Amino acid sequence: MALLFASPDDDPIAWRAALTRRLPDLDVRIYPEIGDPAEIEAALVWLPPPGLLASLPNLRAIFSLGAGVDRLLEDPTLPAELPLCRMVDPSLTASMAEFVLLHVLRYHRDLDVYEAQQRRAEWRLVLPKPAAATVVGLMGLGELGAASAGLLARHGFTVRGWSRTRKAIEGVRCFAGPEELAAFLDGVGVLVCLLPLTPATRGILNAELFARLPRGARLVNLARGAHLVEQDLLDALDTGRLAHATLDVFVREPLPKEHPFWRHPKITVTPHAASYSLPESGAELVVENLRRLRDGRPLLHVVDRARGY
Ligand code: NAP
Ligand code: GLV
């Protein structure tokens, strides 16, 4: 079977090695050197050029290298009848939970405050608080949100989570649905977004939501740029409604050089760096799904296209 690999960010050689170690007869074609398009039956992709997947006449399944499939679903030429599977992988989950813990610890220990003080050469101690004094709210309690919430709870933070359907996670107070969003936000000092981008979640990080947080709350958006209404964030930082924001994802990536986020003193920018799958780990799911495809068995982690995730 021939599989097309296309990603501007992932290491194609490492992925080919990880895949063929498990499936020696797999023919991995690395974009743009794809040979005869008619031979390709599966595609493993992250941000493929629009139209590429539609140009493969015998494609049978699409595997996303990313957990989020919003960019794939935005391509109007994406073959509608094919199964689209998203990435669920322990290395992706672990590196996201680590990144969440890093930023929550940073805010809990007031490093954003100290960085601002350093720019003014100001020596002023903020007495440390116990972890339980910091209330962290996770928007999204899926693979990544649930693991992050659990790690934060084990670290001693006071953790809340919000999802579409109700969850039960040890040490985490769980809220569900739009009717419980206000109660979830009330008292949250560090808000972390790990929602998929769908029509229901686009623009959810907006002025109305910020107004429900305690004054001086901090925001961490690791999901997608379009969850955030950018001007509402700038206004909230100007008025002190929010004290600081950490943004890993943006509507336009790479973030344009002239964008105000780059130089804003109350915003930390990272280049969509929160989490990626290690090939040796992520290949397990891809190979399992290739075997299932070959044997005609149901694939794992098929996206519900109507729901958008
Ligand atoms: P997932 O397992 O599909 O979980 C999504 C969670 O969001 C679920 O708990 C779901 O609730 C909840 N949700 C969806 N729509 C909602 C709504 N309208 N209201 C409330 N909750 C809603 O996804 P995941 O694997 O955790 O990934 C989450 C996102 O992280 C991805 O879609 C991607 O955008 C982002 N991501 C970013 C990076 C990075 O490097 N920055 C890396 C990986 C992923 P239910 O369970 O009740 O349906
Ligand atoms: C990265 O953003 C992903 O969706 O895995």
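This is a predicted model: local features need pLDDT of at least 70, side-chain atom pairs count only at pLDDT 80 or more; totals for chains, interfaces and linings use all residues.
Let me begin with a term: a polar contact here is a pair of N or O atoms within 3.5 Å, and within protein one of them must be able to donate a hydrogen and the other to accept it, while residues adjacent in sequence count only if both atoms are side-chain atoms. With that in hand, an oxygen atom of ligand 2 is 2.8 Å from a polar backbone atom of G68.

Residues are numbered from 1 along each chain as its sequence is written, chains are lettered from A and ligands numbered from 1 in the order in which they are written, and side-chain values use heavy atoms, with hydrogens and water left out.

Staying with ligand 2, the residues around it, meaning those with a heavy atom within 4 Å, are W46, G66, A67, G68, R224 and H272. By class, this shell has two nonpolar, three polar and one charged residues, where Ala, Val, Leu, Ile, Met, Phe, Trp, Tyr, Cys and Pro count as nonpolar, Asp, Glu, Lys and Arg as charged, and the others, Gly among them, as polar. A polar backbone atom of A67 lies 2.7 Å from an oxygen atom of ligand 2, and R224 brings a polar side-chain atom to 2.8 Å from an oxygen atom of the ligand. Taken alone, ligand 2 exposes 190 Å², of which the protein buries 88%, with areas from the Shrake-Rupley method and a 1.4 Å probe.

Turning to ligand 1, there are 29 residues around it, and R86, T165, K167, D248 and Y309 come nearest. A polar side-chain atom of K167 lies 2.7 Å from an oxygen atom of ligand 1, a polar backbone atom of L144 is 2.9 Å from an oxygen atom of that ligand, and a polar backbone atom of R164 is 3.0 Å from one of its nitrogen atoms. Taken alone, ligand 1 exposes 950 Å², and the protein buries 92% of that.

Finally, the cysteines: how many disulfides are there, if we require a pair of cysteine sulfur atoms within 2.5 Å? The count comes to zero. C174 is in no disulfide, and the nearest cysteine sulfur, that of C193, is 16 Å away. C174 is buried (under 20% relative accessible area, with exposed being over 50% and partly exposed in between, for a 1.4 Å probe and protein chains only), at 15%, and C193 also counts as buried, at 0%.

Note on methods:
A disulfide is a pair of cysteine sulfur atoms within 2.5 Å.
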